[in-house]
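Try each task before reading its solution.

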Amino acid sequence: MSTETAASPLPTPTPAKAPENVKPKHKGSAQLFQNPVLERLSHTHIALPVSIFIVTAAVSLYYGITQGFATGLAAFGQFLGGWFLFTFAEYAMHRYLYHIPATTPGRIKFQYTMHGVHHEFPKDKTRLAMPPSSRCSWLRCCSLFSNSFLAAPHLEC
């Protein structure tokens with residue numbers, strides 16, 4: 001008699017694929033993580049990051065005008081300039097980071113995880129934008145790196 005339990009196996013993540021091997025699927029979603037908490041944090045509705053950007057822009061614009069950092073016309077120009085820079089940064093990331101040549105297994109995994117999922121499941125409405133939890137973690141890592149890098153020349157021996 002077998003003593004094996006009928007436990008369900010853990011779901012396995014969707015394997016990373018080279019860009020030329022990605023065929024669009026119009027239903028479903030890729031699983032990126034075995035951990036259910038991480039998997040849930042990798043999904044977000046598009047309205048959440050858009051609303052965060054709109055609220056941040058409105059509060060910054062209000063603060064800048066009320067504290068005298070900018071006049072109405074200058075604030076409008078800064079708003080348009082920021083919009084242009086944000087659009088350019090998004091384009092540059094998409095063009096030069098998300099579509100890097102997938103020449104090594106590490107690059108294939110990076111490219112698929114960061115953007116290839118969008119090409120394989122283009123109608124997945126929960127992966128149209130980077131979730132705020134991921135973005136906050138990424139910005140925190142960049143902040144720690146830049147602070148330690150910029151502070152290094154000021155250290156005394």
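**Exercise 1: the surroundings of E39**

Leaving aside neighbours within four places in sequence, E39 is in contact (heavy atoms within 4.5 Å) with A30, Q31, L32, F33 and R127. This is a predicted model, in which local features need pLDDT of at least 70, side-chain atom pairs count only at pLDDT 80 or more, and totals for chains, interfaces and linings use all residues. Residues are numbered from 1 along each chain as its sequence is written, and side-chain values use heavy atoms, with hydrogens and water left out.

Task: decide whether E39 is buried or exposed.

Solution. Start with its place: E39 lies in helix 1 (residues 36-41); helices are DSSP runs of H or I with at least four residues, numbered from the N terminus. Next, take the relative accessible area of E39, which is 12%. Buried means under 20%, exposed over 50% and partly exposed in between, with a 1.4 Å probe and protein chains only, so E39 is buried.

**Exercise 2: how helix 3 meets helix 4**

Task: work out how helix 3 and helix 4 are oriented to each other.

Solution. First, helix 3 (residues 72-98) and helix 4 (residues 105-120) pack at an angle of about 150 degrees, their axes 11 Å apart. Axes are lines fitted to C-alpha atoms over the stretch in contact, and angles run from 0 to 180 degrees between N-to-C directions. Angles over 145 degrees count as roughly antiparallel, therefore helix 3 and helix 4 are roughly antiparallel. Finally, find the residues that meet: H94, L97 and Y98 from helix 3, with F110, Q111, M114 and H115 from helix 4.

Conventions
Helix = DSSP H or I, 4+ residues; strand = E, 2+ residues; numbered from the N terminus. Parallel < 35°, antiparallel > 145°, perpendicular 65-115°, else oblique.
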